[in-house]
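Please keep the structure in view while reading.

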Amino acid sequence: MAKVDRRILKTQESLKKAVIELMTEKNFDDITIQDIADRANVNRGTIYLHYQDKYDLLDKLIETHINEMGEMDTWACQMDWVDALVPYFEYFEKNYLFFSTMLASKGTPSSFRTRLLASFMEGFKGEIDRESGRNTDLSEDVIIQYAGTAYVGVIEWWIRNGMPYPPRVMARQVGALLERSL
């Protein structure tokens, strides 16, 4: 795999940061390519070298975060709920500006929440406890929808309220709740 030039990565990071910062100030629909270029301190043409438009830029930004969390899914499935969730809550904390903007802002495209929910629901599919008998009469679709929606809702609440508990505390509490549900 070819190595990407660090200047290209730096420019792309600058553009992603610029769009998120602008989204904290105004609705996404009101942000122009010129606004992004000015904030990132690049020419408009530079944006078009990397992205088709502002929607493509936002989509690639969302895709990056979804993929990074998806990589965590691979090894998280091997752990108990609490230990598996600590890195996720640390990731949300580390990327607070992104998640607070995408989950808490008005005028943000709703596709992020939908994609986040779908990603978590996919991860929960293999986690349903059928052996203990507690989920015998429950539909897998309902269990997964319930757990995924609850998980995303707690993340939204945590971020909107300025992360009132540390990631480890959140992981312990949410892990216990998911273990009871799944």
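## Overall make-up

Helices and strands are DSSP runs, where a helix has at least four residues and a strand at least two, and they are numbered from the N terminus. The model shown is predicted. Counted in this way, the chain has 9 helices and 0 strands. Read from the N terminus, the order of elements is α-α-α-α-α-α-α-α-α.

Along the principal axes, the C-alpha atoms of the chain fill a box of roughly 60 × 40 × 30 Å.

## Domains

The chain is divided into two parts: domain 1 covers 1–51, and domain 2 covers 62–180. Taken over C-alpha atoms, the centres of domain 1 and domain 2 are separated by 28 Å.

## Annotated regions

Two spans carry annotations in the UniProt record, which is an unreviewed entry.

## Helix 1 and helix 2

Two packed helices are described by the angle between their axes and the distance between the axes. Helix 1 is made of residues 6–25 and helix 2 of residues 33–40. Their axes come within 8 Å and cross at roughly 115 degrees. The crossing of helix 1 and helix 2 is right-handed.

Which residues make the contact between these helices? On the side of helix 1 they are Ser14, Leu15, Ala18, Val19, Glu21, Leu22 and Glu25. Helix 2 contributes Asp35, Ile36, Arg39 and Ala40. Sorted by class, the contact of helix 1 with helix 2 has 6 nonpolar, 1 polar and 4 charged residues.

How many salt bridges does a search of the whole structure find? The search finds 8 salt bridges. A salt bridge here requires a side-chain nitrogen of Lys or Arg within 4 Å of a carboxyl oxygen of Asp or Glu. Glu25 and Arg39 form such a pair, and their closest N and O atoms are 2.9 Å apart.

This pair links distant parts of the chain, with Glu25 in helix 1 and Arg39 in helix 2, 14 residues apart. Glu25 and Arg39 are also among the residues that make the contact between helix 1 and helix 2.

Technical notes:
Residues numbered from 1 in each chain as written. Predicted model: local features only at pLDDT ≥ 70, side-chain atom pairs only at ≥ 80, totals over all residues. Heavy atoms only, no water. UniProt positions renumbered as here; feature names shortened; annotations may be inferred. Axes fitted to C-alpha atoms, helices over the stretch in contact; angles between N-to-C directions. Left-handed = near helix turned anticlockwise from the far one by under 90°. Contact = heavy atoms within 4.5 Å. Nonpolar A, V, L, I, M, F, W, Y, C, P; charged D, E, K, R; others polar. Domains from an automatic or database assignment.
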